[in-house]
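Please look through the report below with the sequence and the 3D structure side by side.

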Amino acid sequence: LLILLALLCGQCNAFSSLHHGNGLRSRTPLAMVPPVTQEELNGGSITRDTPSVEDVAPDLDIEADLAPIPITFVASTPSSTKRQLPSNWLGEKLYVLSTAALIGILTGTNIAVFKTAVELVREALYGDGVILPFLNPALWNELKGEDILTITLRISETIPIWLIPACGGILVGLLLTIGDMPPGLRDTVKEVDLDSMRATNATPPDELLACVNLTPASERNDLARFSRKAVAATLTLGTGNSLGPEGPSVEAGMSLSRLLMNNKIFGKVSRVFGTLEDMELSEMQRVNRKVARDRLLLACGAAAGVSAGFNAPLSGVFFALEIVQNSLVPIDFPLKQAANTNSNIEQKSEIQVATVGGEALALQQINISAILLASVVSALTIQLLLGNELALRLGSFDFKNPLIELPLYLLLGALAGVTAAIFSGVAQLSKSTFDGEEGPEIVRDVFKGIPKYAKPVIASLFCGVVSLFVPQVLFFGYETLNGLFLNSNIFSTEYLFALLAAKLMTTAVSASSGLVGGTFAPSLFLGGVLGAGFHNVVADSLQVLVEQHPELSAYPIVQGISGLPAFAMVGAASVLAALFRAPLTASLLLFECTRNYDVILPLMASAGVASLTGDIVEKWLDEDQRDKDPVSWGDLATRLYEDVDDDAVCIVIDDKNTSE
């Protein structure tokens, strides 16, 4: 693993050196800007007129008298092509690394508390009860051990089990009435970018302000926002609703990193590393450095969350580089117009734009080091507090004929991609139904009149009713999935596919209603059940084939395939890879849990096919569905700005800015 990471860092360095100095990015409507010459680059800015409409698109029905808007593109790097280090280069590196380590410690501690709280709530509601200390008031003055009595908090004897999830829905609805909660991953990145620009006293671009309605950091209580969502996640998962804990774990890491970014006391402490801002830089360069630094710390928090959630630090690193990276889109930062201009066009008609935040995390060694440090420290912290126990437990198993069985794993990957696309579509449909946009007219009218705080109650009741027939849809950790991995909890093939459909529906409804949780664990569950059912179908089919054609028994493939745990594990990684478009993260997660190198080959093959199949299916159904559908990003139902329409999802992807 160390060799793999060393090679990764080496490749990133090579890629960075090859592309250094190319800080320009064109955003010209209807035309591509010609390549920038060396003289223009040394000048620091490029002023060009956009071609006329007749020259660019003569076949388009566009009025020809529309005057083109000249756009000035400004390099995001210094005017000299030679690399210029900040005035306090070493101090900034030390600040980033020490902050990453602190984020790892805080995230590991926070998630340990979060997991303990979820377990206490679940034990009180579904288990034998929780024993709480109770001090006898008559003996208050005699604080001796024998005077402390205990009471047992046991709820399952009072109300039916299928109504327990509704208790969590009611409490989450009450929290929604108190105040807003932080959004999911993509909107969190926008909030961090807005705070970073405000911290440098820069004017944020209009497209960012249109997406995010956020008061300045000094005027809001982030701790209260983050705490409300953490409590809501504890209640959602503790009462058994069909979501997972890894989404809240990632958000906990990002929230803690944001608290450090915006904390005035920590800002003063950071001065021991020297001045982090180089005042000799231009406004755009200071903004670029601040945005890049805060995005890096946000990625460190996300990596620490996955690392502590699964006790898998390497998966946390690749989660940041694969999934978090996809949300770090570049921003067009408007520059102040110069007092003098050599252009023949009037100054007021010019638009000066610089690209901010367009650099990938993996292009800088310090980024890799910081993410690694945060992930490792977080895993060590939670191991110290809760013990070195993996979230996923796999028994011993062997791949009988990996090469011969490879077509089966590829087919399983294709089925996993279809399953992920179906889940994504069902969740989007459920979200539209809750918003009163889909369904018969009477259904739309009913849901439009339902207040936001009542929707989690509806979803939790749905989970409770379904659990009467399929109890495994409720969240009780990874017991059911681990049972499949350990081959100790075998269901019939028919029941496995019924469980797959029920879990898909309950998770989609829960995620779109306002209940707080992630889709990371449910995607593993769906894939594990799919893989187990696929194994049973293939094994039964081969057995029937041998019975009808005994002469085929000499072939290795019909003599028996690998055990159910192998297919369940490959299926779990494949659905996760397809839903999140993260084949490396999914493969490494299961590899870290098994510590078996043989498993990585079928995992990577199946995960790659699953991710590709998911893309193909979604583009076939709706080419823009991936952009519109934030299920796998964890922010499906968390758009809670008061002055921004809840139905609006502002998406910025490469050269497009779409508001829907």
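## Cysteines

Cysteine 300 has a relative accessibility of 0% and therefore counts as buried, a word that here means under 20% relative accessible area, while exposed means over 50% and partly exposed anything in between, with a 1.4 Å probe and protein chains only. Cysteine 167, by contrast, is partly exposed, with a relative accessible area of 29%. A search of the whole structure for disulfides finds zero, a disulfide being a pair of cysteine sulfur atoms within 2.5 Å.

This is a predicted model, in which local features need pLDDT of at least 70 and side-chain atom pairs count only at pLDDT 80 or more, although totals for chains, interfaces and linings use all residues. Residues are numbered from 1 along each chain as its sequence is written, and side-chain values use heavy atoms, with hydrogens and water left out.

## Nonpolar cores

A nonpolar core is a set of buried Ala, Val, Leu, Ile, Met, Phe, Trp, Tyr and Cys residues joined through side-chain atoms within 4.5 Å. The largest such core has 105 residues, and those with the most contacts inside it are Phe310, Ile371, Leu392, Phe485, Leu524 and Leu590. Helix α20, which covers residues 564-580, gives the most to this core, with 14 residues; helices (H or I, at least four residues) and strands (E, at least two) are DSSP runs, numbered from the N terminus. Apart from this core lies another, of 20 residues, including Leu176, Ala233, Leu235 and Phe434.

Which residues are in contact with phenylalanine 310, leaving aside its neighbours within four places in sequence? They are Glu246, Leu390, Ala391, Tyr478, Phe520, Leu524 and Leu589, where contact means heavy atoms within 4.5 Å.

## Salt bridges

A salt bridge is counted when a side-chain nitrogen of Lys or Arg is within 4 Å of a carboxyl oxygen of Asp or Glu, and by this rule the count comes to 17. In one of them, glutamate 119 is joined to arginine 122, with the closest N and O atoms 2.4 Å apart. These two residues are separated by about one helical turn, because they are three residues apart in helix α4 (residues 89-126). Glutamate 119 counts as partly exposed at 39% relative accessibility, whereas arginine 122 is buried, with a relative accessible area of 9%.

Aspartate 294 and lysine 290 also meet through their side chains in a salt bridge, at 3.4 Å from N to O. Both lie in helix α11 (residues 283-310), four residues apart, about one turn of the helix, and both are buried. A further salt bridge brings together the side chains of aspartate 435 and lysine 431, at 3.7 Å from N to O; here aspartate 435 is buried at 18% relative accessible area, and lysine 431 counts as buried at 15%. Salt bridges that share partners also join Asp180, Glu191, Asp195, Arg220, Asp222, Arg225, Arg228 and Arg258 into one network.

## Aromatic rings

Rings of Phe, Tyr and Trp (its six-membered ring) pair if their centres lie within 6.5 Å, and planes under 30 degrees apart count as stacked, over 60 as edge-to-face and the rest as tilted. The structure holds nine aromatic pairs. Why is the pair of tyrosine 126 and phenylalanine 476 edge-to-face? The ring centres are 4.9 Å apart and the planes stand at 90 degrees, so the pair falls into that class. The pair links distant parts of the chain, with tyrosine 126 in helix α4 and phenylalanine 476 in the loop between α16 (455-467) and α17, 350 residues apart. Tyrosine 126 is buried, with a relative accessible area of 18%, while phenylalanine 476 is partly exposed, at 28%.

Phenylalanine 534 and phenylalanine 567 form a tilted pair, 6.0 Å centre to centre and with 45 degrees between the planes. This pair, too, links distant parts of the chain, since phenylalanine 534 lies in helix α19 (residues 520-548) and phenylalanine 567 in helix α20, 33 residues apart. Both phenylalanine 534 and phenylalanine 567 are buried. Elsewhere, Phe310, Phe319, Phe520 and Phe580 form one aromatic cluster.

## A charge over a ring

The charged end of lysine 503 sits over the ring of phenylalanine 525, 4.9 Å from its centre. A charge is said to sit over a ring if NZ of Lys or CZ of Arg is within 6 Å of the ring centre and within 35 degrees of the ring normal.
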